[in-house]
Amino acid sequence: MLYVLMGVCCILIGVNGGWDEEVGLLKRGGGYQREFDYFKLCVQWPGTYCRRTRHCCSNNACCSRSNSPSVFTIHGLWAEYNDGTWPACCSGRPFDEREISTLLEPLGKYWPSLSCGSPRSCHHKKVPFWGHEVEKHGTCAYPVVHNEHEFFLTTLNVYFKYNVTDVLFKAGYVPSNSEKYPLGGIISAIENAFHATPEVACSGDALEELRICFYKNFEPRDCAHDTSSRGSCPRYVSLPARGSWGLRSNTTAAS
Ligand code: 5GP
C-alpha cells in the first residue's frame, strides 16, 4: 500500500510542474500550459512610484537615495500571450538567491524593490520582489529562459540594450517637478529608437511605467494590447524628479 501511495505521489508531482519535452508544453495541475507568445520588459520610474512612500525600511530603494540612480528601474520581464492574457507560476521551483549571487550588485542597483511590502511567492510565502518576479513570470519564459540565473541575466541584458532612460533624456524628457510632457512625444521617442510601440502606465498625471515588447529572439515588437491608447495616462504627463516624495519617518512599517 505504501509503495502504491508513493507511486501516485510521484506521478502527481510529475504532472504538476515542469516541461514535457515530448509534447513541447508546460505541465500544470494535471493539464498543459500553453507556451507564451512574447516578452514584455516593464520598467518603472522611481520618481513616480516613490511618491507613494509613507514609511521606510532597509529594503526599499525609495529610502536609500544615495545608491539608487535616477533611471527607470526594472519591474520585470513578463511572458505574455497575444490575446492579452499571460501564464503565471509555471513551475514548482522556488526562488533561491544563491543562484544569482554573481548578479546581486547590478540587480540591487537596477532592479530594486521600491516598496517595503513583501509580495507572495507562487507557494504563498513572503518573498523578495525578485523572488516574486521569477516565480510568477520567469518560470513561464521556458523554453527561451531555462533557469533563475538565466532569467535575471537575460532581463538585465535586455534592459541595458534597450535603454529607455537614455532615449527619453536625449529627447528632452528629463525629470522635473514643474514640466509636463506630451505623452505622444514620449511614445514617439521610444518608437523612433526601438521601432516598436510601447505600453504606458501612469499614477495620476505622472508616468509610472513603460513596457517594451519583444519577440522571443528579443527583437522589439509592438505590445499586443493598448498600443493605440494612452493606457492609464492623461495627454500630458510629468516625470517627477527624485526627492519630492512624502517620506515621513525611518520606521520599518510597510508602505
Ligand atoms: P507583478 O505586477 O509583477 O505581478 O507584482 C508585483 C508585486 O511585487 C506586487 O505584489 C508589489 O506589491 C510587489 N513589489 C515589490 N516591490 C515592487 C516594486 O518596486 N514595483 C512594483 N511594481 N511592485 C513591487
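Predicted model: local features only at pLDDT ≥ 70, side-chain atom pairs only at ≥ 80, totals over all residues.
**Exercise 1. Find which element gives the most to the largest nonpolar core, and follow one of its residues.**

Step 1. The largest nonpolar core has 46 residues, and L41, V164 and I212 touch the most other members. Such a core is a set of buried Ala, Val, Leu, Ile, Met, Phe, Trp, Tyr and Cys residues joined through C-beta atoms within 7 Å. A residue is buried if 20 or more other C-beta atoms lie within 10 Å of its own, exposed if 12 or fewer, and partly exposed in between, with C-beta atoms placed from the backbone.

Step 2. Two or more residues each come from β4 (38–44), β5, α4, α5 (148–161), α6 (164–170), α7 (183–194) and β8. The most, five residues, come from β8.

Step 3. Beyond its neighbours within four places in sequence, I212 is in contact with L41, Y162, V164, F194, A196, P198 and P220. Contact requires C-beta atoms, placed from the backbone, within 7 Å.

**Exercise 2. Locate the annotated active-site residues and state whether H75 and H137 are buried or exposed.**

Step 1. An unreviewed UniProt entry places the feature "active site" at H75, E133 and H137; positions follow the numbering used here, feature names are shortened, and annotations may be inferred rather than shown by experiment.

Step 2. These residues are spread over 63 residues of sequence but cluster in space, with a largest C-alpha distance of 11.2 Å.

Step 3. H75 is in strand β5, and it counts as buried because it has 23 C-beta neighbours inside 10 Å. Not counting residues up to four places away in sequence, H75 touches C42, V43, Q44 and E209.

Step 4. H137 is in the loop between α4 and α5, and it counts as buried because it has 27 C-beta neighbours inside 10 Å. With the residues up to four places away left out, H137 touches G76, L77, W78 and A79.

**Exercise 3. List what surrounds the ligand and sort the shell by element and residue class.**

Step 1. The shell consists of Q44, H75, G76, S113, L114, S115, G117, P119, F129, H132, E133 and K136.

Step 2. The elements giving two or more residues are β5 (73–80) and α4 (129–136). The largest share, four residues, comes from α4.

Step 3. By class, three shell residues are nonpolar, seven polar and two charged. Ala, Val, Leu, Ile, Met, Phe, Trp, Tyr, Cys and Pro count as nonpolar, Asp, Glu, Lys and Arg as charged, and the others, Gly among them, as polar.

Notes:
Residues numbered from 1 in each chain as written. Near = placed C-beta within 6 Å. Contact = placed C-beta atoms within 7 Å.
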